[in-house]
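Welcome! Please take a moment with the sequence and the 3D view below before reading on.

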Amino acid sequence: MSETPHSPDAEPDSEPGTEPDAGLEPAPEAPPAPLLELRDGLPEVVDTDAGLLEACAALAAATGPVAIDAERASGYRYSNRAYLIQLRREGAGTWLIDPIPMTTLAPLQEALAGSEWILHAATQDLPCLREVGLVPTSLFDSELAGRLLGYPRVGLATLVETILGQRMRKEHSAADWSTRPLPKPWLDYAALDVEVLIELREHMIGELAEAGKTEWARQEFENLLGFEPAVRVDAWRRTSGVHRLRGRRSLAAAKALWEARDEIAAERDVTPGRILPDSAIVVAATAMPTDRRSLLSLQGFHGRGASRYSASWVDALAKVREMSEDELPSRAPRGDGPPHPRTWADRDPVADRRFKAARESMLNLAEVNHLPVENLLTPDYLRRLMWAPPATREPAALAEGIREQLASYGARPWQAGLVTGALVGAVLGADQAADQGAEDAPA
């Protein structure tokens, strides 16, 4: 809220040198935004093939974009499967579909053919929707649109309150959606997630056009259609606390316990942390117990999962003790990218200057264009490019080479168009500084 400008003719609030009246009450706080309610009431959950065909007929007969969302059981289940799918389309209303008992969702994919999907944080939902055969041909991501528009917070509830002036319920965001039957309050929450997406899209499309970012958004949304979750290499290294382990055999123990836990979790479809906490893996990898009794005496091995699968943990540690040095994992993960920038000053001072200049330019460009720097250009692309830029130093050829290199990484044309000039300057400037230093150095 902007402050009222002070007029020179206005009377002062108090005499100079005096305190304001302590008896004055503070200005009342603005009333909270009205709570979002379902316009059409809560629909029944569709959990039969016959009910699915009815939903598909209604959605196919309606027009306009389709708001879609999916609820998973993150933190409870190993899989990333969808346990509830919510859809809303003008003229068809809201539909809640339970995909678990369905024979197939192919009729739903057919009913949505050619329509634009509206999702929030599409990268979270696209994999589980693809798993059940639902794949968009066009989409609008309200979270990504919020980033391009420079909103400081882009959660759905925050955007809805900021743009539409309504509050959303968020108390069931961490619920176990594999629960059956699903409680009514949870269903209310799920239906509300698609209640506002169509209206939110309309507002944001106008804001993107006003900001001159419509083409940016189009390229970003088109890029999302091919989204695939990154395959984590050496995922066991993400075990909380593994960095505290000393010695490669301890790392091998953590790896073996992590893999044993992961296999059990996948088989039972339970999130791994509910089988054995990360902290217990680190403790066991440090102590290297040789039998069940000493294992179960360790901190973190008192839960039902730790005891039930104790033979698996002991067996995993026994195999680690028999490993040769060549079989033990390296202390640091092997990557295919450049070294960490903190080492560049010693390893390649010119690359270090390039990177620092380029990073400063990216921060400035992001501020000027009102968007997060990571949305201006993926940080990994910047590191790779500044570590190994094109060989040419002819400005036009260098600019073309940078654009081609960025495209090979996955940068969109709008990003390359914004950053190429600054990156050319960073490369040439670093080389010029290196040449100047060589000239100034004593013989």
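Here is a short tour, from the domains down to single residues.

This is a predicted model, in which local features need pLDDT of at least 70 and side-chain atom pairs count only at pLDDT 80 or more, while totals for chains, interfaces and linings use all residues. Residues are numbered from 1 along each chain as its sequence is written, and side-chain values use heavy atoms, with hydrogens and water left out.

**Domains**
- You can follow the chain through domain 1 (45–226), domain 2 (235–322) and domain 3 (341–440); these bounds come from an automatic or database domain assignment.
- Taken over C-alpha atoms, the centres of domain 1 and domain 2 are 38 Å apart.

- Of the area that domain 1 buries against domain 2, Tyr76, Arg77 and Tyr78 supply 79%, more than any other three residues.
- The rule finds 6 residue pairs in polar contact across this interface, both residues at pLDDT 80 or more (a polar contact is a pair of N or O atoms within 3.5 Å; within protein, one must be able to donate a hydrogen and the other to accept it, and residues adjacent in sequence count only if both atoms are side-chain atoms).
- Across the interface of domain 1 and domain 2, the rule finds 0 salt bridges (a salt bridge is a side-chain nitrogen of Lys or Arg within 4 Å of a carboxyl oxygen of Asp or Glu).

**The open sheet**
- An open sheet of 6 strands runs in the order E1-E4-E3-E2-E5-E6, with mixed pairing (two strands pair if DSSP finds at least two bridges between them; helices, H or I with at least four residues, and strands, E with at least two, are DSSP runs numbered from the N terminus).
- Strand E1 (45–46) and strand E6 (139–141) stand at the edges with a single partner strand each, so one side of each has no neighbour in the sheet.
- Strand E3 (residues 84–89) pairs with strand E4 (residues 93–97) in the antiparallel sense over 5 bridges, and Leu87 stands opposite Trp95 in E4.

**Salt bridges**
- The structure holds 24 salt bridges.
- In one of them, Arg88 pairs with Asp40, with the closest N and O atoms 3.1 Å apart.
- Arg88 lies in strand E3 and Asp40 in the segment before E1, so this pair ties together parts 48 residues apart in sequence.

**Backbone details**
- The peptide bond from Arg180 to Pro181 is cis, with omega near -5 degrees.
- Pro181 is in the loop between helix H5 (156–164) and helix H6 (184–195).

Technical notes. Buried area = accessible area lost by both parts, 1.4 Å probe.
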